[in-house]
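Take a walk through this structure, one link at a time. Keep the sequence and the 3D view side by side.

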Amino acid sequence: MRMIGIALGIAIVTFFTLESFDFDAKPPAKPQPVTPTYTQYMSCQQGEDYSDLAFGNMISGFNSLDIKGLVMAAGHTIVDGDSVGGNDFRWQLFWKDKKSAESFWDKGPSDEFSAWADASRSVMVCDGVGRRDYAFELPGVQPDWGGASEFVSIFRACKYTENGGKSSLSSMYSKFNDFVAKENKDASWHVFSTRAKRGPFDYAVYFHDGENSEAFMEYDFFWVNYLADLDEAAERGAQWVETGGDLQAEFDEIAECNDPATFTSQVLYSMIKPEDT
């Protein structure tokens with residue numbers, strides 16, 4: 001059980017060449033980042049017609065839908081470890097808030113959404129009825145939700161010890177961030193941000209919001225690290241083993257976590273498009 005992987009990676013520099021400039025013209029308005037506060041996971045199964053091409057067409061159709069309050073969607077495919085609940089693919093919806101999520105499901109699918117779902121059913125089917133609801137925290141960099149389209153997610157399912165609780169967990173965040181800042185002072189890559197400066201890696205901590213399926217309710221929270229790629233994940237995991245022992249021991253006093261499950265992840269939809277950032 002090792003708690004932290006640390007994102008190190010890519011700095012993006014864009015050069016703008018201006019041949020002319022109209023001082024009276026106003027720059028086009030860019031979409032303002034919206035920080036989601038609520039997320040849902042759905043377990044999915046590939047259909048008989050699944051292929052990379054078919055899935056790509058399915059996602060293109062999804063991006064054409066108008067889903068109010070949806071900030072981002074991501075897909076996670078397991079590549080190593082045991083997945084809680086046994087599902088190999090997870091579809092994650094990031095919502096502006098809980099109200100937006102409830103409104104979408106309560107109203108039922110639009111005709112446009114139903115047509116997309118029917119056309120996609122032979123490619124992939126996701127369990128919307130059995131969706132899992134979570135509030136979550138982003139203790140590191142505050143994202144603008146326009147970052148990398150592909151990344152790696154390291155999931156850990158955790159239970160509090162008799163000494164643990166949400167307040168003691170929250171007290172660990174700054175210690176993890178300080179560790180990362182010290183050990184990786186040149187880190188500049190962030191999954192969910194295009195503007196983040198050097199600093200803490202991306203990670204999120206998910207908490208149940210209501211009753212989820214039994215296999216997941218056995219755990220109090222889920223700690224997820226987001227990294228650039230599988231090589232990066234292995235490197236940061238090894239670094240944590242070498243240098244993070246003291247902090248690991250402190251964490252072990254308040255929580256016990258399963259061995260990590262590694263997923264390759266892909267942004268399926270983002271309200272902030274790359275050309276808008």
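Why is the disulfide of Cys 158 and Cys 257 right-handed? The torsion about its S-S bond is about 105°, so the disulfide is right-handed. This is a predicted model, in which local features need pLDDT of at least 70, side-chain atom pairs count only at pLDDT 80 or more, and totals for chains, interfaces and linings use all residues. Residues are numbered from 1 along each chain as its sequence is written, and side-chain values use heavy atoms, with hydrogens and water left out.

Stay with the disulfides. A disulfide here is a pair of cysteine sulfur atoms within 2.5 Å. The structure holds two. In the link of Cys 158 to Cys 257, the S to S distance is 2.0 Å. Cys 158 lies in strand 6 (residues 150–160) and Cys 257 in strand 9 (residues 255–257), so the pair ties together parts that are 99 residues apart in sequence. Helices (H or I, at least four residues) and strands (E, at least two) are DSSP runs, numbered from the N terminus. Cys 158 counts as buried, at 0% relative accessibility. Cys 257 is buried too, with a relative accessible area of 9%. Buried means under 20% relative accessible area, exposed means over 50%, and partly exposed lies in between (1.4 Å probe, protein chains only).

The other disulfide joins Cys 44 to Cys 126, again with S to S at 2.0 Å. With 105° about the S-S bond, this link is right-handed. Cys 44 sits in strand 1 (residues 38–46) and Cys 126 in strand 4 (residues 124–126), so the pair ties together parts that are 82 residues apart in sequence. Cys 44 counts as buried at 3% relative accessibility. Cys 126 counts as partly exposed at 25%. Number the bonded cysteines in sequence order, and the pairing reads 1-2, 3-4.

Now turn to the rings. The structure holds 31 aromatic pairs. Rings of Phe, Tyr and Trp (its six-membered ring) pair if their centres lie within 6.5 Å; planes under 30 degrees apart count as stacked, over 60 as edge-to-face and the rest as tilted. One of the pairs is Phe 62 with Trp 91, edge-to-face, at 5.2 Å centre to centre and 75° between the planes. It links distant parts of the chain: Phe 62 is in helix 1 (residues 52–63), Trp 91 is in strand 3 (residues 89–95), and they are 29 residues apart. Both Phe 62 and Trp 91 are buried.

Phe 179 and Trp 240 make another pair. Their ring centres are 5.0 Å apart and their planes stand at 80°, so this pair is edge-to-face. Phe 179 lies in helix 4 (residues 166–183) and Trp 240 in helix 6 (residues 230–243), so the pair ties together parts that are 61 residues apart in sequence. Phe 179 is buried, as is Trp 240.

Rings also gather in a group. One aromatic cluster includes Tyr 41, Phe 94, Tyr 134, Phe 155, Tyr 219 and Phe 263. Over the ring of Tyr 219 sits the charged end of Lys 159, 5.4 Å from the ring centre. A charge sits over a ring if NZ of Lys or CZ of Arg is within 6 Å of the ring centre and within 35 degrees of the ring normal. The charged end of Lys 166 does likewise over the ring of Phe 207, 4.2 Å from its centre.

Next comes helix 7. Which residues of helix 7 (residues 245–252) are buried? They are Leu 247, Gln 248 and Phe 251. They cover an arc of only 105° around the axis, which puts them on the same side of helix 7. The arc is that of the directions from the helix axis to the C-beta atoms. An α-helix has 3.6 residues a turn, so residues three or four places apart point the same way. The cover over the buried residues of helix 7 includes helix 4, strand 8 (221–227), helix 6 and strand 9.

Finish in strand 6, where Ser 153 lies. Ser 153 is buried, with a relative accessible area of 0%. A polar contact of 2.7 Å joins its side chain to that of Ser 265. A polar contact is a pair of N or O atoms within 3.5 Å; within protein, one must be able to donate a hydrogen and the other to accept it, and residues adjacent in sequence count only if both atoms are side-chain atoms. Leaving aside neighbours within four places in sequence, Ser 153 is in contact (heavy atoms within 4.5 Å) with residues including His 76, Val 224, Tyr 226 and Phe 263.
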